[in-house]
Amino acid sequence: MFYSLLVVGFGFILRSSKFFNVAYGGAFLVGGYAMFLLYRMYLVPFFLAIVISLALSGLYFVLSNKFIFEPLFKRKASNFILLISSFGLLIATSAIIGIIFGNQATIVARHLSDVSTVNILGGALSYVQLATFIVTPVLIIALAIIYYKTRFGRAMRAIENDREMSELVGISTSNITMWVYMISGILAGIGGIGEGFEVGINPYAGLFYILPIIVVAVLGGMKSFWGGILGAFVLVIAQKLTVLIFGGSWEQAVPFVVLIIVLLVRPEGILKR
Amino acid sequence: MSKTGKIIAWVIVAILVVWGLASLNKKSTENSSNVIKVGFLGPMTGEIANMGENAQAAVSIAVDEINKSGGVLGKKLEMVYEDDMCTGAGAANAVSKLINTDKVVAVVGGVCSGASLGAAPISEASKTTQIAYCSTSPLLTNSGDYIFRDVPSDLFQGKYAAEYLMKEGKTKVSVLTAKNDWGDGLNKSFTDAFTKLGGKILSSDTFDPNTKDLKTQMTEIKSKNPDAVYFISYTDQSIAGLKQAHDLGIKAQFFGADAWDDTKVWSELGKIGDGAMYTVVGTNSNDQFKQAMKEKLGKDDLIYCSNYAYDATKIVAEAINRAGSTDKTAIKDAMYKTDYKGGVSAKEIKFDENGDPASANYVVKIVKDGKPVELSK
Amino acid sequence: MDYIFHIAIIVSIYGILALAQNLVMGETGLLTIAGAAFYGIGAYVAGIFSTSLGLNITIALVAAPLITAVIAMILGTSFARFRDDYFLLATLGFLMIFNTVAKNWTSLTGGSLGIAGISKPHMFGITLLTPESFIWLAVFVLLIVAIICYFISRSSFGRALNAIREDEEALKIFGYKVSTYKLASFTIGASLSSLAGVLFASYLTFIDPTLFTVNESILLWAMIILGGIATNRGALMGALLLILIPESLRFIGFPDEISGLMRQCIYGLILIFLMLYRPKGIFGKYNL
């Protein structure tokens, strides 16, 4: 479920800066670990902790843009350089988090058995899952409104289409880009917090999640807002079916098999713009 | 080619060479003085780095104790810790460094079977005794004359679990294993033994050791309605998987392997984990050692591997003492004559001709109120 | 001394890999991340030849490049229509699938347990048991690969590859069969990588699927980027540095608990700063 949120956030970055920014996984980690630090270690109230953690993950991403990606952009560096540098950032972030918090999986909830479940329609859902089910659609709709209806959204789309052109017509590209990074960072942070509550995150989760996200973004068509969400659902269903039919150890390969098939058959992704 | 490029390159190379020679020199002069060096291998980075760090703490406790009671051969024992990254290649680099530049006389190490197997040929070629403390792969048995381990091969544990479940009348079992060397080995030995005893494997599934979402597998298991689930997993997936099984309302008996002997699993799960059972080699882990670990780590976290790491260190120290010198062949011969008593992993450790533990006394533990307790036989 | 030989062997193996990667990615401009997969295929061919079939490892040195070439040929043909990022994704897909197959095809690859007890090379009546003797074989293979790469980059074939990297469309207009050139480069690169795999398998005598992951491919990338893309010298220098740096960091002596992580952290930071301040790499002549 929250794959689709993560994909939406990643899609924003992908479309506005046109490269696979894997440091997105870093923002995911920052969100989850900030929540762990505040909520579990310092016993900060729940909502306050969430707000601060999300602010931090957003900030992390904004700063990374400011100090690494923007200078590279100004130099008109190739995608390849950007990809490598974002990868370097992800490695460094994972390692630093590992140094601070240790390498083992860290569970954000104060006690797992406190995370109780509710029974809805015969299926048991934990509160986290329930919250995901409510929050995800709300957020996605809200983002869709921002993206399609507001001035800001129009500016975003203009940059996605043609950065130089939008600069010429008077859109402050660096300002808008900053906000895009903020929003994506926050979305990644939500993913990290959700993961931390549900099953716990470890410093390697960033890399582990970013690969399927990239696949999903391509799968759904890199240019489309809704395509990414659709891609997320297709992928998750394909994964679960594989687990049922072939066994769990093949699960990791599924995204990539699907990817190759899609690339061969329909390289523009499921949804064209 | 640009001039700056050339300069940068040669400067870096020069620094590395000077540095390398300097450190080589330093090591060799230190060596002749009054310390005896032993190497340690464990994963310090990667998914199961927590095991390596935990084992490192246990080893350092053992070293402190050895040195407090006179050291080895009247000299101080010094442990050199290296990261094997849990891979064969990483372990090969690490062990080569330990043996050739640190001049260790023996190596304690490898949590991961892959790492131990990668290091083994190098130890064997240089006639250095290597004692793996948590590698349970059956492949390690025949990996060399100088290669030991103080943890029994998976072959025994799977068989023991199968026999126990049969005895308890759990004849229909689902198996769910981590897809790596450890999981595969256990799965095979369990399945072979269990079907031979007349039990029925309802379903057998695996999962990637990186994943934590086991809902699909658990749902599948629920639909099969087994008497018991043999769930072979490490700390992180155990927490996630048992919680998801609980959410799904699976009532079957959960039965795990030695990796569950980690207090973190049960303290995280709280009352969800109650009733789960697992096999582990009859440990002798005493409160004194647990307390020492708690002080060392600042938290209550003792992973089962650390028991073996602690004992492996003591066994090596004893063997060096009995060998009477740091001659590598003498140490190896002394290792085969080991008769180690009062350890924290087992009451008694002896080696067979392959360097495997001669006996394996498994026990079954059950979790009550978030704490595993040994079932009386 | 053995440690230095050991490191030299590892450097040679990665040198071969980096040269092969440079041929495909640097000279031809094909963004591929499948390097580790071909390396792995070579290693598995060696493993299977040596244990299941009981053949001498030297046969694998001949067979592995051939087998890999066939696989690469099929792969390259079906991926021929992809450009840049898409090619990258497709090769990433192949690498992940290779890894999963290696883990699950237990009867052939030993599954996640891997293959142990691979024999050491035996040639001219001597078995290359120790690092001192193995180094000769490793360096010999490295030399051959380096000579091949050197001649390719000097030949008209190599110049055509460079032209593809710079402007594929223009070359098409001149009537070059661009896809054939790309396929050839990809296949040669894959075969050369598999040689490194055979060396590695017989040196370590043990392989398992965790050795051939995406991290390995990324390391190869970093090597040719650090050294400077599209130079053979740069690829070798990159391999040398990226093996030596982490190994020498073992000697710095960070507090023990975090030494491994510290190494990774530095590694990440090096990548960032390199990209920011010297994207050409050390020997760079071609700007990314």
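In the predicted model, the contact between chain C and chain A draws 31 residues from chain C and 31 residues from chain A. On the side of chain C that touches chain A, helix H4 (84-104), helix H10 (214-227) and helix H12 (259-277) of chain C each supply at least two residues. Divided by class, this side of chain C comprises 23 nonpolar, six polar and two charged residues.

Within chain A, helix H3 (residues 46-74) consists of 29 residues. The distance from the first C-alpha of H3(A) to its last is 40 Å, close to the 42 Å expected at 1.5 Å a residue. After H3(A) comes Lys76(A), a residue with a positive phi, near 60°.

Chain B is assigned two domains, with domain 1 covering 3-153 + 286-349 and domain 2 covering 155-282 + 362-374. The contact between them involves 17 residues from domain 1 of chain B and 18 residues from domain 2 of chain B. On the side of domain 1 of chain B that touches domain 2 of chain B, seven residues are nonpolar, six are polar and four are charged. Taken over C-alpha atoms, the centres of the two domains of chain B are separated by 31 Å.

Helix H3 of chain B (residues 88-100) has 13 residues and spans 18 Å from its first C-alpha to its last, close to the 18 Å expected at 1.5 Å a residue. Because 13 of the 13 residues of H3(B) are buried, this helix is largely enclosed by the rest of the structure.

Note on methods:
Residues numbered from 1 in each chain as written. Chains lettered and ligands numbered in written order. Predicted model: local features only at pLDDT ≥ 70, side-chain atom pairs only at ≥ 80, totals over all residues. Helix = DSSP H or I, 4+ residues; strand = E, 2+ residues; numbered from the N terminus. Expected span 1.5 Å × (residues − 1). Domains from an automatic or database assignment. Contact = placed C-beta atoms within 7 Å. Nonpolar A, V, L, I, M, F, W, Y, C, P; charged D, E, K, R; others polar. Buried ≥ 20, exposed ≤ 12 C-beta atoms within 10 Å, placed from the backbone.
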